Amino acid sequence: MNEYTYPIIAGIVVGTALRIFMLRSDYRQYPTYLHGKIIHLSLGFIAASLGTIAIPSIMEKEFTAVTFLTLAASQFREVRNMERNTLTEMDSYELVPRGNTYIEGIAVTFESRNYLVIFTSFVVTLSYLAINVWASVVATILCFIFAKFLMSGSKLSDIVTVEQSELHFDGAGLYVDNIYIMNIGLPERQKEIMKYGMGFILTPKSFSVRSTIANLGQRQAILHDVSVSLGVFRDSGTPALVPLIKRDLNDGRIGVFILPQLQDPVRAKEIISSVPVLENAIQMPSKRMKQEG
């Protein structure tokens, strides 16, 4: 044992604990409850070790050891590719798929959290060696608060208002409020849709978010989250029973048509409101117009 033993242990333990804190198996059904977690916890331990060892290496002037961080960066990029490929394969078997935009967002999140673990271990070890153990405790608390903030993200309720709207047919056309959804010609299918279907209207709170909720990936994320949480009244080979979202071209509202097995409008509204705003779907046309002006 030497002067670096306890700081190194502290950095690795805190970094690994942070990765455990950020690893959640939720309604998205990923990572899986055992083997998927083992993979990500192992990677978190490696990331924590790399971030911790960097400080003693710098103090001992072993600068070549720090180059391992660049190697780690390339390896963690492979984590993103692994997640993307796995989720894409799983998506092909979903009754209501996630969509590529949602998958890419999840993959980027897994990669970025490993970098956050490296940063946390780096800061905790540096605080321990440069000041004292109590400084490392403070640094640990601040890093966990920062990680919690990054995990929260934006929800649809932050950018739109969600209201339930009755479904109705005009001839063979299915509408949510005045937004056309699709054409259903068979009377039997129309009866099923009126029995099991629900409609919601999402109204943007500002002009800037119109492009965000118009994004096809963001729309698919809404349909997937609702279908996973409440079930979906459909099976393969029934194209008429497909949840859909269509847009009002005049004012930017979107009409959501879902077929939940659990008929709970209040719960459905809560789920739609809690759908994450996908980073790849965010667009800010108003800022662009200000720059041009």
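**View 1. Helices α5 and α6 make a right-handed crossing**. In this close-up of a predicted model, local features are given only at pLDDT of at least 70 and side-chain atom pairs only at pLDDT 80 or more, while totals for chains, interfaces and linings use all residues. Residues are numbered from 1 along each chain as its sequence is written, and side-chain values use heavy atoms, leaving out hydrogens and water. Helix α5 covers residues 100-130, and its axis comes within 7 Å of the axis of α6, the two crossing at roughly 160°. (Axes are lines fitted to C-alpha atoms, for helices over the stretch in contact, with angles from 0 to 180 degrees between N-to-C directions.) That angle is why α5 and α6 count as roughly antiparallel (over 145 degrees; under 35 is roughly parallel, 65 to 115 roughly perpendicular and the rest oblique). As for the hand, right-handed means that the near helix is turned clockwise from the far one by less than a right angle, and left-handed means anticlockwise.

**View 2. A nonpolar patch of about 700 Å² includes residue V137 of helix α6**. Helix α6 runs over residues 133-152, and V137 is found in it. Which residues make the nonpolar surface patch? They are V133, W134, V137, V138, I141, L142 and I145. (Patch members have over 30% relative accessible area and no salt bridge; nonpolar side chains, namely Val, Leu, Ile, Met, Phe, Trp and Tyr, are joined within 5 Å, and like charges within 9 Å. Areas come from the Shrake-Rupley method with a 1.4 Å probe, and for residues only the protein chains shown count as cover.) V137 counts as partly exposed because its relative accessibility is 37% (buried is under 20%, exposed over 50% and partly exposed in between, with a 1.4 Å probe and protein chains only).

**View 3. Helices α4 and α5 pack with their axes 8 Å apart**. Helix α4 spans residues 68-91. The angle between α4 and α5 is about 150°, so these two helices are also described as roughly antiparallel to each other. As α4 passes α5, the crossing is right-handed. From E83 to E111 is 28 residues in sequence and 9.0 Å in space, taken C-alpha to C-alpha.

**View 4. R80, R84, E104 and E111 are joined into one salt-bridge network**. The structure holds 10 salt bridges (a side-chain nitrogen of Lys or Arg within 4 Å of a carboxyl oxygen of Asp or Glu). One of them pairs R80 with E104, and their closest N and O atoms are 3.8 Å apart. Because R80 sits in helix α4 and E104 in helix α5, the pair ties together parts that are 24 residues apart in sequence. R80 also meets E111 through a salt bridge, at 2.6 Å from N to O. With R80 in helix α4 and E111 in helix α5, 31 residues apart, this pair links distant parts of the chain. A further bridge brings the side chains of E104 and R84 together at 2.7 Å, N to O. E104 belongs to helix α5 and R84 to helix α4, so this bridge ties together parts that are 20 residues apart in sequence. Shared partners are what join these salt bridges into one network of R80, R84, E104 and E111. How covered are the members? E111 is buried, with a relative accessible area of 5%. R80 counts as partly exposed at 26% relative accessibility, and R84 counts as partly exposed at 23%.

**View 5. D177 has a positive phi in the loop between β3 and β4**. The loop lies between strands β3 (173-176) and β4 (179-183). The phi of D177 is near 60°, a positive value in a residue other than glycine. D177 is partly exposed, its relative accessible area being 35%.

**View 6. P187 lies in helix α7, shown with the protein around it**. Helix α7 takes in residues 187-196, and P187 is partly exposed, with a relative accessible area of 47%. P187 and F110 are separated by 77 residues in sequence and by 46 Å in space, C-alpha to C-alpha. Stepping back, the C-alpha trace of the protein spans about 80 × 50 × 30 Å along its principal axes. The protein has 11 helices and 7 strands (DSSP runs numbered from the N terminus: H or I of at least four residues for helices, E of at least two for strands). Of its 293 residues, 43% are buried.
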